[in-house]
Every structure is written in C-alpha cells, then in structure tokens.
Amino acid sequence: MDVERVFHMSGGVGKTSYAQNSSLQKKASDMMKHITIETIQQVYHEVTAKSLGIADLGCSSGPNSLSLIKDIVEAVEGCCHKAFRPLPEFRVFLNDLPTNDFNSVFKTLPDFYRDLKKDKTERCPAIFIAGYPGSFYGRLFPNNCLHFIYSSYSLHWLSKVPPSLYNEHGKSINRGNVYISESTPPSVSRAYWNQFQDDFSLFLKSRSEELVTGGRMVLIILGRIGHDHVDRGNSFFWEILSRCLAISVSQGEIEEEKLDCYDVHFYAASRNEIEEEVRREGSFELERVEMFEIEREVQRGESYGTAVAMSVRAIQESMLYNHFGNGINLDALFNNYGKMIDQEMAKQEIKPITFLLVLKKL
C-alpha cells in the first residue's frame with residue numbers, strides 16, 4: 001500500500017471528520033503547550049532573527065492546525081515587548097501528506113488573522129503561511145531556513161508498513177493481527193523496530209539540514225513505557241481493532257484474507273529507543289524528554305470508548321476503505337470498537353503513553 005498516496009485524516013467538518021474528532025490530541029497539545037512556548041522563546045532569544053522560519057510537520061486539517069501557531073506568534077510578541085525589540089516576520093510552513101485536506105486549513109486563515117489582531121493597539125506582525133505537501137521522511141525545505149519545528153502526534157506513523165512483514169509469497173507473517181500482539185512472532189516486532197530506525201534517522205538527518213544551528217524541534221509522539229511491545233497502552237488499541245475486524249469477518253462483511261494482510265504503519269517506541277536513535281544519528285542534542293498520560297475527560301453524554309473510537313476512525317478511515325473496499329461497514333465496526341474499549345476499561349485501565357521531546361540542532 002502506498003501510504004503517501006492513501007493515508008490522511010478524514011477531511012471536512014462532518015460528524016466523522018478529524019476536525020470533529022481530534023479533541024484528545026488537542027487536550028494533549030494543551031497539556032504540553034508551556035514547554036513548546038518556552039522552547040520557541042529560547043530560540044528567539046538565542047538567534048535574534050529578523051525573520052523566523054517555523055514548520056508544523058503533520059499539521060492535519062482540524063482546528064488544531066493553526067491554534068499553536070497563534071500561541072507561538074503571541075509568545076514571541078511578548079518577548080519583543082519586554083526587550084523593546086522590533087517584531088520579526090514569521091514564515092510558517094504547514095506540512096502534511098499530499099492527500100491532507102489543506103483547503104479546510106486555508107479556509108480558517110481569515111479567522112486566524114482576525115483573532116491575532118483582536119485587542120491590539122500596535123501593528124500585527126507580518127505572517128506568511130504556506131502549505132508544504134509531502135512526506136517528512138526526506139527533505140522538504142531549503143538548507144538552514146528554519147528556526148523551529150513542531151510535530152504533534154505524527155512521528156509514530158511510519159513511512160510504510162515494514163516490508164519484512166510479508167514472506168516471499170506476499171503473505172503476512174502477522175496473520176489476524178494489525179500490529180504487534182501476544183500471538184505475533186518476534187520477527188514482527190523486529191520488522192517494526194527496524195522500520196522505525198530507518199524512518200526516524202532519515203527524519204533527523206533531513207531536519208538537521210533545514211534547521212539553523214541552535215534551532216529547536218518539539219516532537220510529540222505516542223510511545224510505550226518499557227521493553228515489552230504488548231501492554232495496555234497504545235498497542236492495546238490496535239488489539240481492539242484486530243478483534244473488531246475479526247467480528248466483521250465472522251459476519252461475512254470482509255474477507256479473512258483481507259484481514260490477514262492488513263497491517264498498520266505505526267510504531268510505539270520506548271524512551272530508550274528514541275534516545276538511542278538520536279545519539280546514533282548525531283545531529284541533535286536531546287535537551288528534554290517528558291512522558292505524559294492524557295486525562296480521560298470526554299464530552300457530556302459520551303463514553304471514553306466512543307471518543308477513542310471516533311478518533312481512531314477519523315485517523316484510519318482512509319486506510320480501511322482503501323484496503324477493504326467501500327463495502328466495509330465502518331459504523332458497525334467502530335460501534336463495536338467503542339463498546340470494547342469501555343468493557344476493557346471496566347476491567348482494567350488502558351494507559352496510552354505520550355512522549356514530548358525537545359531537540360537542539362548541533
């Protein structure tokens with residue numbers, strides 16, 4: 001499957017869109033916002049540039065896309081006022097895969113500029129915003145043009161499903177599972193780890209050429225606590241999806257062969273694995289690593305399972321339709337998914353882990 005061609009969050013603003021089902025990601029971003037703001041302020045004080053280059057990698061298409069940019073601009077404005085320095089201009093690059101719904105982002109720009117000008121007695125800073133479609137597993141921008149890079153909930157997505165998951169006949173060695181599970185052979189977790197190594201190393205190398213010396217990256221990424229890949233964290237959500245797809249097979253909605261060769265392009269890295277790759281690639285100093293568990297607050301009248309199910313659907317819908325065809329009943333699939341999450345939560349907590357990394361270009 002060509003991930004770059006197929007994978008995208010569900011566009012638009014409908015009931016199943018990412019725009020309507022990304023509140024969990026927004027909550028996590030807000031929890032860590034103070035670190036992001038501290039980092040951009042530190043960058044500004046150190047580089048004193050007249051034109052700041054900022055990139056959001058994996059910007060997606062919901063309301064989260066521009067909210068942090070506004071916070072960053074206002075944080076730098078505050079630094080300038082305190083130091084009696086003129087405002088820099090801001091070059092903002094919004095990146096995601098070519099299939100992303102960039103139009104939804106661009107339609108919100110008038111409101112974005114209007115909000116920035118609210119209650120301001122002085123002139124608004126010059127902000128130039130552009131969309132940059134393409135995979136961040138490779139070069140995106142010219143040399144030394146960026147000062148700050150932000151990426152939230154994107155780097156756990158691999159550039160592709162690990163090719164070594166399939167034997168010489170094209171059959172998956174991870175039959176019946178969409179990710180690493182208790183029943184998968186050790187070669188499956190090795191395949192995912194090797195793909196993550198290749199991808200993350202290429203990401204770091206590419207960004208090191210685009211960032212100025214002393215530039216920073218803030219990366220928010222799903223992960224796991226320890227050595228074991230199978231836990232009641234992020235991997236467990238994929239176990240639930242495997243079970244739900246198996247129900248669809250039993251009901252004759254999808255073919256078993258189709259399920260056997262459906263594998264997600266995802267990897268939940270451990271802290272040690274991330275630190276090891278940063279050291280090995282050598283372009284960055286890892287200044288800070290924080291681990292978070294996101295609070296389980298949901299909208300009134302909605303269960304936690306339903307909230308997770310709608311979020312996973314908004315993320316996986318494009319891949320599921322591409323692989324299983326339009327005949328798959330996603331309403332039933334994710335109704336089962338939400339119920340299973342709630343049932344499992346009643347037995348024992350599910351604790352997905354998020355890492356925040358701050359890296360400095362050497």
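Trainee: Which strand does E5 run antiparallel to, and how many bridges join them?
Mentor: Strand E8 (residues 353-361) runs antiparallel to E5, and eight bridges join the two. Strands are DSSP runs of E with at least two residues, helices are runs of H or I with at least four, and both are numbered from the N terminus. Two strands pair if DSSP finds at least two bridges between them. In this pairing, Leu 222 stands opposite Thr 354 of E8.
Trainee: What kind of model is this?
Mentor: This is a predicted model, where local features need pLDDT of at least 70, side-chain atom pairs count only at pLDDT 80 or more, and totals for chains, interfaces and linings use all residues. Residues are numbered from 1 along each chain as its sequence is written, and side-chain values use heavy atoms, with hydrogens and water left out.
Trainee: Back to E5. In which sense does E4 pair with E5?
Mentor: Strand E4 (residues 146-152) pairs with E5 in the parallel sense, over six bridges. Leu 146 has Leu 211 in E5 as its bridge partner.
Trainee: And which strand is joined to E5 by two bridges?
Mentor: That is strand E6 (residues 269-270), which runs parallel to E5. There, Ser 270 is the bridge partner of Arg 224.
Trainee: Why is E5 largely enclosed?
Mentor: Because 13 of the 14 residues of E5 (residues 211-224) are buried, meaning under 20% relative accessible area with a 1.4 Å probe, protein chains only.
Trainee: New topic: where is Thr 39?
Mentor: Thr 39 is in helix H3 (residues 33-47). Thr 39 is buried, with a relative accessible area of 4%.
Trainee: What is Thr 39 in contact with, beyond four places in sequence?
Mentor: Phe 148, Arg 216, Val 218 and Val 358, where contact means heavy atoms within 4.5 Å.

Note on methods
Buried < 20%, exposed > 50% of the residue type's maximum accessible area, 1.4 Å probe, protein only.
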